[in-house]
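Let's take a friendly walk through a protein model, looking at its pockets, a pair of packed helices and a few backbone details.

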Amino acid sequence: VSAGAEALNQVLQREAPAVWEALSPLGRRAYYPPDIPFQAQQARGKKYNATIGQITDGAGSILALPTVRAALANLSPEDVNRALLYSPMEGLPELRELWDRWQRPADAPLASLPVVTCGLAHGLALAADLFGGPGRKVIVPAPFWGNYRQTWAIRTGAEMVAPPAYDGTAWRPRAIAEAAAALPAGEPAAVILNLPSNPGGYSPTVAERAELLASLIEAAQARPLVVVCDDAYAGLVFEDDIPTRSVFWDLVDRHPNLIPIKASASTKELVFFGGRIGFLTLPFARRSAVAEALEAKLRGLIRAGLGSPVALSQVVLLQALRNQRIGDEVAAMIALMRERYRALSEALSAAERQCDRIQVLPCNSGVFALIALRGLDAEAVRQKLLAEYDVGLVAIAPNYLRIAFCSIEAEAIPELVRRTVAAIESFAIESM
Ligand SMILES: Cc1ncc(COP(=O)(O)O)c(C=O)c1O
């Protein structure tokens, strides 16, 4: 291990031994080298700053091509510079502050300033780099977003442990803790907690949430437990009695072995899919030694993989987050999604009564609903829907169909469900 990494590792060993134990081999090697971006940062504001190879007017402002500048005509000169020069490795300071304000409830405990990532997927990949690695167990209740397997198992050699998320149609708050209890005592483990869930469209009730939190805190008594909270669908909750608060905030500072990490993004929260802006938030106070050591490792990994984060999208996001209207705009988007959710819930309840091949899993949030097919292969139904019904759904092996209600108008949803039922029933008749 290099001297740079060794210095960070000593901080972690001393101040956060559970984090140290949970780090992967790559996580232990990672550090932020004092090379070009580091030296350029130190030279900022110097009269003669000849460090990083950016093309400027000699005083730190970009020498933008006129056609590029014209595309950014509504931005202030300062924001044009921010958009076209390199971003700091951890993201634009103002954006980190504004996202902290956006995502953190008023009464929430201390946490680090969010580090900017290239979409939520990249945030997950960074968490996997730090805490995955060969043989590390990653517990994710199934069915889950398939890319977790790519991010953790394929990339780092970690092993997925996938207990069933449901018992019949009941969501299992203790699914993760029970899977953790089966691992050898003391062995660090990682968990991915995606609420509201993809593909389930589920968020726990008050009682289920209490059971989930208690079971995770209990599980951390036996081992360092990294809990990656994938909050991709934060805020998209459609029933009044379902809490919207990220469980991340209720896992911070609950046990020395419990290491929650919040991965969030403007992708869905602010409908900015192509912007590729995500954030990783650590459960340690800003500027604490542990937060700084882990941030240095993250900066090193970001530099190694991305070079630096996309500045242009950060500047677009800044325009939104600086504006007082953003809260109302997001509320209006959620209200529209709620209409579609209601339309789909009604249509699916009717479908379930009509067709005994369909079992509707509980849905109250997110942008998807999930149905389980009794005695039918989901992929075969998906193919038939494509070929004969002009309908595209996602099949999840062996027998789930996922419906993205976020991309269908409320008025069109009954017909979508009618066609889906017709396709399912055509199989049911053939298989009799
Ligand atoms: C659960 C979940 N996590 C992460 C992502 C990735 O988000 P991003 O597009 O910001 O990388 C998605 C996108 O579909 C998702 O459903």
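This is a predicted model. In the lining of the largest pocket, the residues divide into 15 nonpolar, 14 polar and 13 charged. The pocket itself has a volume of about 1400 Å³. It is lined by 42 residues, and the closest to its centre are Ala40, Gln41, Arg44, Tyr86 and Pro88.

Helix 14 gives the largest share, with five residues.

Next comes the second largest pocket, which holds about 490 Å³ of space. Ala234, Gly235, Thr244, Arg245 and Ser246 lie nearest the centre of this pocket, out of 24 lining residues. At least two residues of its lining come from each of helix 7, helix 12 (247–251) and helix 16 (326–354).

| Pocket | Volume | Lining residues by class |
|---|---|---|
| Largest pocket | about 1400 Å³ | 15 nonpolar, 14 polar, 13 charged |
| Second largest pocket | about 490 Å³ | 13 nonpolar, five polar, six charged |

Two packed helices are described by the angle between their axes and the distance between the axes. For helix 7 and helix 15 (residues 311–322), the angle is about 45° and the axes are 10 Å apart. The two helices are therefore oblique to each other, and helix 7 passes helix 15 in a left-handed crossing.

Which residues meet where these helices touch? From helix 7 come Glu94, Leu95, Leu98, Trp99 and Trp102, and from helix 15 come Gln314, Leu317, Leu318, Leu321 and Arg322. By class, this contact has seven nonpolar, one polar and two charged residues.

Now for the backbone. Most residues other than glycine have a negative phi, and most peptide bonds are trans. Pro196 lies in the loop between strand 6 (189–194) and helix 11 (206–219). Another joins Ala397 and Pro398, with omega of about -5°. Pro398 sits in the loop between strand 12 (394–396) and strand 13 (400–404).

Finally, have a look at Asp253, a residue other than glycine whose phi is positive, near 65°. Asp253 is in the loop between helix 12 and strand 8 (258–265).

Terms used: Residues are numbered from 1 along each chain as its sequence is written. This is a predicted model: local features need pLDDT of at least 70, side-chain atom pairs count only at pLDDT 80 or more; totals for chains, interfaces and linings use all residues. Side-chain values use heavy atoms; hydrogens and water are left out. On a 1 Å grid over the protein atoms alone, a cavity is a set of points where a 1.4 Å probe fits but cannot get out, and a pocket is an open set with protein on both sides within 12 Å along at least five of seven lines; lining residues have an atom within 4 Å of a point. Grid points are joined across faces, edges and corners, and a volume is the space filled by probe spheres set on the points. Helices (H or I, at least four residues) and strands (E, at least two) are DSSP runs, numbered from the N terminus. Ala, Val, Leu, Ile, Met, Phe, Trp, Tyr, Cys and Pro count as nonpolar, Asp, Glu, Lys and Arg as charged, and the others, Gly among them, as polar. Axes are lines fitted to C-alpha atoms, for helices over the stretch in contact, and angles run from 0 to 180 degrees between N-to-C directions. Angles under 35 degrees count as roughly parallel, over 145 as roughly antiparallel, 65 to 115 as roughly perpendicular and the rest as oblique. A crossing is left-handed if the near helix is turned anticlockwise from the far one by less than a right angle, and right-handed if clockwise. Contact means heavy atoms within 4.5 Å.
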